[in-house]
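Here is a friendly walk through this fold, from strand pairing to helices to charged pairs. Please keep the sequence and the 3D view open as you read.

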Amino acid sequence: MSKTATVRVPASSANLGPGFDVLALALDLHLEVEARASAKTSIAWDGEGAGEVPLNRKNLIVRSAQEPFAGWTRPLDGVELRVRNHIPIGRGLGSSAAAIVAGITLGAKLRGLRVSAQRILELAFPLEGHGDNLAAALFGGFCIAVTENGGVRVHRLDWPPRWRAVLLVPNEVSPTHEARRLVPLRPARSDVVFNLGRVAEWVLACSTHDRGLVRSAMDDRLHQPGRVRAYPYLDDVIAAAQQAGALGAALSGAGGSVIAIADRHHDPVAQAMYKAARAHRIDGKVMKLAAAATGAAG
């Protein structure tokens with residue numbers, strides 16, 4: 001009987017306001033995959049993305065189990081996957097990072113390779129193109145992804161246990177590459193300085209559990225002003241969350257989900273975000289999630 005491998009990878013919310021391509025939070029919402037080496041590729045997919053994702057070699061999990069290993073280790077003829085996915089796809093919740101991490105992890109296991117989380121990060125970076133969601137998917141908690149010489153170095157902080165992520169998740173898919181085009185290539189120096197200060201406040205807020213810093217720490221002038229054109233509901237949903245008692249709120253990754261941080265008033269915050277979105281005729285759902293303390297695990 002051929003070898004079986006399993007992995008469970010958390011969702012993540014990147015940027016968290018000012019930390020464009022730098023900050024990410026792992027969320028207690030997971031992609032679970034069981035894999036077996038096979039003569040040909042087949043995929044049984046249950047949950048989010050069913051009927052949407054390709055069920056062949058073009059699937060991102062399959063590609064990630066094959067492409068990073070080309071040229072330095074033995075190929076797999078095919079892979080048989082059983083997938084249970086709870087992460088909404090194309091909504092700014094790190095679904096692609098979770099798929100890439102899952103694929104590389106499974107590809108290594110099926111080949112009998114012992115691969116560290118840092119090595120998985122190195123193999124994953126060319127496929128994802130940015131390290132924030134990958135860092136959270138691999139290490140859990142609140143992550144700072146530092147790019148260096150074409151790679152990524154990760155610093156992980158423990159997330160305050162009382163803080164929860166309240167998410168408005170729209171039904172409509174928003175491809176990341178389109179949302180990234182709305183970010184200015186040459187931001188104003190004043191905006192860069194503004195965001196640098198807010199990223200520092202985020203680290204301080206998380207490290208010291210200072211709830212009073214979170215609203216300021218989630219302010220952004222780099223990517224959200226441009227992305228409001230794609231998500232005209234964003235400012236109103238953020239304002240509604242804050243007025244209902246959220247510590248702060250921001251666009252989740254490239255969108256279109258909106259993340260609010262709350263340590264109480266979770267239900268009023270969720271209701272206010274949903275109502276504000278509906279005022280813009282945006283259909284979706286709200287989710288209340290703890291942070292995921294651990295990253296990818298077999």
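S13 stands opposite L25 in β2. That pair belongs to the antiparallel pairing of strand β1 (residues 4-15) with β2, which runs over 12 bridges. Strands here are DSSP runs of E with at least two residues, while helices are runs of H or I with at least four residues, and both are numbered from the N terminus. Two strands count as paired if DSSP finds at least two bridges between them. This is a predicted model, in which local features need pLDDT of at least 70 and side-chain atom pairs count only at pLDDT 80 or more, while totals for chains, interfaces and linings use all residues. Residues are numbered from 1 along each chain as its sequence is written, and side-chain values use heavy atoms, with hydrogens and water left out.

Back to the strands. β1 and β2 make a hairpin with 3 residues between them, and L16 in the turn takes a positive phi of about 55 degrees. β2 also has other partners. Strand β2 (residues 19-38) is joined to strand β4 (residues 78-85) by 8 bridges, and the two run antiparallel. Within this pairing, E34 stands opposite R82, and V33 has V83 as its bridge partner.

W45 stands opposite V83 in β4. β3, α1 and β4 make a left-handed β-α-β unit (a crossover is right-handed if, with the strands pointing away from the viewer, the path from the first strand over the helix to the second runs clockwise).

In the loop between β3 (42-47) and α1 (60-66) you will find N59. Is N59 buried or exposed? At 2% relative accessibility, N59 counts as buried (buried means under 20% relative accessible area, exposed over 50%, and partly exposed in between, with a 1.4 Å probe and protein chains only). Leaving aside residues up to four places away in sequence, N59 touches I43, W45, V53 and P54, where contact means heavy atoms within 4.5 Å.

Now to the helices. Helix α2 (residues 95-110) has 16 residues and reaches 22 Å from its first C-alpha to its last, close to the 22 Å expected at 1.5 Å a residue; the expected span is 1.5 Å times one less than the number of residues. Of the 16 residues of α2, 14 are buried, so this helix is largely enclosed by the rest of the structure. Just after α2, G112 takes a positive phi of about 75 degrees.

Just after α10, R281 takes a positive phi of about 60 degrees.

Finally, the charged pairs. The structure holds 11 salt bridges, each a side-chain nitrogen of Lys or Arg within 4 Å of a carboxyl oxygen of Asp or Glu.

| Salt bridge | N to O distance |
|---|---|
| D263 with R211 | 2.7 Å |
| K288 with D267 | 2.3 Å |
| D283 with R278 | 2.8 Å |

D263 forms a salt bridge with R211. D263 lies in the loop between β9 and α10 and R211 in the loop between α6 (189-208) and α7 (214-217), so the pair ties together parts that are 52 residues apart in sequence. D263 is buried, with a relative accessible area of 9%, whereas R211 counts as partly exposed at 34%.

The side chains of K288 and D267 also meet in a salt bridge. This pair links distant parts of the chain, with K288 in strand β10 and D267 in helix α10, 21 residues apart. K288 is partly exposed at 45% relative accessibility, and D267 is partly exposed at 40%.

In the bridge between D283 and R278, D283 is partly exposed at 43% relative accessibility and R278 is partly exposed at 35%. Salt bridges that share partners also join R211, D263 and R264 into one network.
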